[in-house]
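Dear colleague,

I am passing on the structure we spoke about, and you will find it just below. My notes on what was found in it follow, and I would be glad if you read them with the model open.

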Amino acid sequence: MEASVDVARTYLEAFASGDPDAIAALVTENFVNEHLSELGSGCVGRDEYRQRLDGFLATFAGATYTIETIGGLDRPGEVIARYRFIARYEGTPIDIAGMMWFAVRDGLIARRTDLWDSLSFLRQTGQAD
């Protein structure tokens with residue numbers, strides 16, 4: 001279980017590098033990127049995910065995930081992390097709470113299910129009261 005936690009931690013920390021190739025290298029070929037937030041957009045496959053990372057990293061300058069808690073679940077290879085997503089969106093600083101549930105297979109992220117606070121994002125960026 002500890003190895004899976006390390007994989008998830010490495011994945012989240014990789015965003016601070018701003019290197020889309022380094023991030024995509026940490027997911028499986030058939031990676032499933034699922035979003036449960038209203039504003040999120042998922043995809044399937046490492047290639048599709050890699051293509052989307054350029055836009056994501058450009059839109060959210062300085063993107064980092066600060067891990068608040070992380071740990072393995074009862075099922076092998078499953079990890080959950082509570083985080084704060086910190087970046088600049090169109091020059092506006094944002095700090096959004098969220099959680100990710102990971103499935104780790106063969107040392108790579110096979111699936112991530114991400115749930116973050118869409119309303120806080122809209123408020124912080126002046127798109128909602």
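How much space lies in the largest pocket? Please keep in mind that this is a predicted model; in it, the largest pocket holds about 510 Å³ of space. Its lining is made up of 23 residues, and those closest to the centre are His 35, Ser 41, Phe 56, Phe 60 and Trp 116. Two or more lining residues come from each of β1, α3 (46-59), β3 (60-72), β4 (78-89), β5 (92-105) and β6 (108-116), with α3 giving the most, namely four residues.

The aromatic residues deserve a separate paragraph, as the count comes to 14 aromatic pairs. One of these is formed by Phe 60 and Tyr 89, a tilted pair with 5.5 Å centre to centre and 35 degrees between the planes; it links strand β3, where Phe 60 lies, to strand β4, where Tyr 89 lies, across 29 residues. Both Phe 60 and Tyr 89 are buried. Tyr 89 also pairs with Phe 121, and because the ring centres are 5.0 Å apart with the planes at 75 degrees, this pair is edge-to-face. Since Tyr 89 belongs to strand β4 and Phe 121 to helix α4 (residues 118-124), the pair ties together parts that are 32 residues apart in sequence. Tyr 89 has a relative accessibility of 15% and therefore counts as buried, and Phe 121, at 8%, counts as buried too. Ring pairs link a cluster that includes Phe 56, Phe 60, Tyr 89, Trp 116 and Phe 121.

Finally, a word on Val 32, which is placed in strand β1 (residues 27-35). The C-alpha atoms of Val 32 and Arg 112 are separated by 6.5 Å, although the two residues are 80 residues apart along the chain.

With best wishes

How values were computed: Residues numbered from 1 in each chain as written. Predicted model: local features only at pLDDT ≥ 70, side-chain atom pairs only at ≥ 80, totals over all residues. Heavy atoms only, no water. 1 Å grid on protein atoms, 1.4 Å probe; cavity = no way out; pocket = protein on both sides within 12 Å on 5 of 7 lines; lining within 4 Å. Points joined across faces, edges and corners; volume = space filled by probe spheres on them. Phe/Tyr/Trp six-rings, centres within 6.5 Å; stacked < 30°, edge-to-face > 60°. Buried < 20%, exposed > 50% of the residue type's maximum accessible area, 1.4 Å probe, protein only.
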